[in-house]
Structures are given as structure tokens and as C-alpha cells.
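Dear colleague,

Please find the structure below, followed by a short account of what was found in it.

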Amino acid sequence: MSNLSFYKSSLSPLPKNEEVELAKQAAAGNKMARETLIRANIRYALSYAKKFYGHGLSNEEVNEEAIIALIKAIDHFDFTKGTKVITFARMCIMNEILASCNKVAGIQQISLDDSTGSDFGDTKLSCIPDTESYTPEETAVYHLQKQQLYSNLDTLSPFEKQIICMHYGLKKYKQSYSLTEIGEKFGESKQYIHYIEQRALAKLKTKMNGLAG
């Protein structure tokens, strides 16, 4: 069954005891039980995925990633833990979508604070929505990925790092600068700054994709 067919044939959420029984059957290889779990949770998964609209992927791409993540979550769901499928799937959905954001944007950027704690606000590559709506587990992932981004920036050459920070408003830069403005500052052409930026983004993309995988 295609992902779209799963959505069109979606079911109402299942009672917990029924979900557990289906999860047992799915874990034993029952394809019908697995399909029922997907159909019963797909509307919630797509509703949750809407939090990620407008952050680097098309709405259709976000929905597709959410469905893929839901299916993966069901395939790895441990019914002995006492949690609902969708509770486990939320983290899978977030991670799947963020991994795709990283592949599209090259880096995963969020509202970051500098070392003094000053908020520099959202930038062009913001991939994560407001953390006030996060669960404690999602907040922990947010802070971990924030640390990983800073760590990966430090693997760039000083020139590459400065261009990325200026263009996307990171670290000490409180605004985003255009490639033309950055070129003027360094006495270089826009094309050359773009080349350096793309080289730096390729490095960051490799690092972030490795962490996401």
C-alpha cells in the first residue's frame, strides 16, 4: 500500500489495549496488524508534522517524511515499554524531518544564543519550530543539535566559518549579510564568496548528515 493510500484509508486512534495487541502481532510479522497501526496513527503524525512546514522542505515533502518516520517507528516499537505508538513516533518524525532539512539546506540552523546568552533570533535556515511546544525529550534533542552545529562550525577554516556566520546571522552576528555585502567587506567578488560558502556548506552537510544517520 502506498503512503497516500494509507492516508486515504486512515482509521480513528486505537484504544491502548488494542494497540498493544496489534503491536504484538506486528512484531511477530503480521502485515495486517502493522498496516492497521499505520492507518490508526497517520492522521496524528501528519498533524504533528505541520509544525515543520515552511522550514526548508515543501509541505508535501514534510508529510512524506512524517509517514516514513511513522512506519519506521511502528517497525521498531517496543510494546513492553507501556507507551503509545505515536508518543514514540513523535521523536522519529522530528529526527526524520530534521535529517532531510540538513540535506536540503546544508546545515541545520535554529534560533541560537551566543556564548553570552544573547538571542540572535531566527535566520534563513531555521529548521526547527518554537521549542516552547517541545516535550522534554525533544528539548534535549534541540540542545544536543545546537551543540553539534557549533562544534561543526569550528571544523571549518576561519574564513569559511566567518562567511557562514555572517550570511546566516550566527555567533556574534545579529543579522544576516548578503553575499555581496560579505564580498565588499573582504574585497572579493560575490561569486568567490558564494564558492567559499558552498564549500563550507558541503563540509557541514557531511558532518550533520553523519550525525543524523
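Does Lys-50 count as buried or exposed? Lys-50 counts as exposed because its relative accessibility is 53%, where exposed means over 50% relative accessible area, buried under 20% and partly exposed in between (1.4 Å probe, protein chains only).

The model is predicted: local features need pLDDT of at least 70 and side-chain atom pairs count only at pLDDT 80 or more, while totals for chains, interfaces and linings use all residues. Residues are numbered from 1 along each chain as its sequence is written, and side-chain values use heavy atoms, with hydrogens and water left out.

Lys-50 lies in the loop between helix 3 and helix 4; helices are DSSP runs of H or I with at least four residues, numbered from the N terminus. The C-alpha atoms of Lys-50 and Asn-63 are 7.9 Å apart in space, and the two are 13 residues apart in sequence.

The axes of helix 3 (residues 31-49) and helix 4 (residues 59-75) come within 9 Å and cross at roughly 140°. These axes are lines fitted to C-alpha atoms over the stretch in contact, with angles running from 0 to 180 degrees between N-to-C directions.

Turning to helix 8 (residues 179-186), its buried residues are Leu-179, Ile-182 and Gly-183. They lie on the same side of helix 8 because they cover an arc of only 100° around the axis, the arc being that of the directions from the helix axis to the C-beta atoms. The face turned away from the buried side of helix 8 carries the exposed residues Glu-184 and Lys-185. Just after helix 8, Gly-187 takes a positive phi of about 70°.

With kind regards

Conventions
Helix = DSSP H or I, 4+ residues; strand = E, 2+ residues; numbered from the N terminus.
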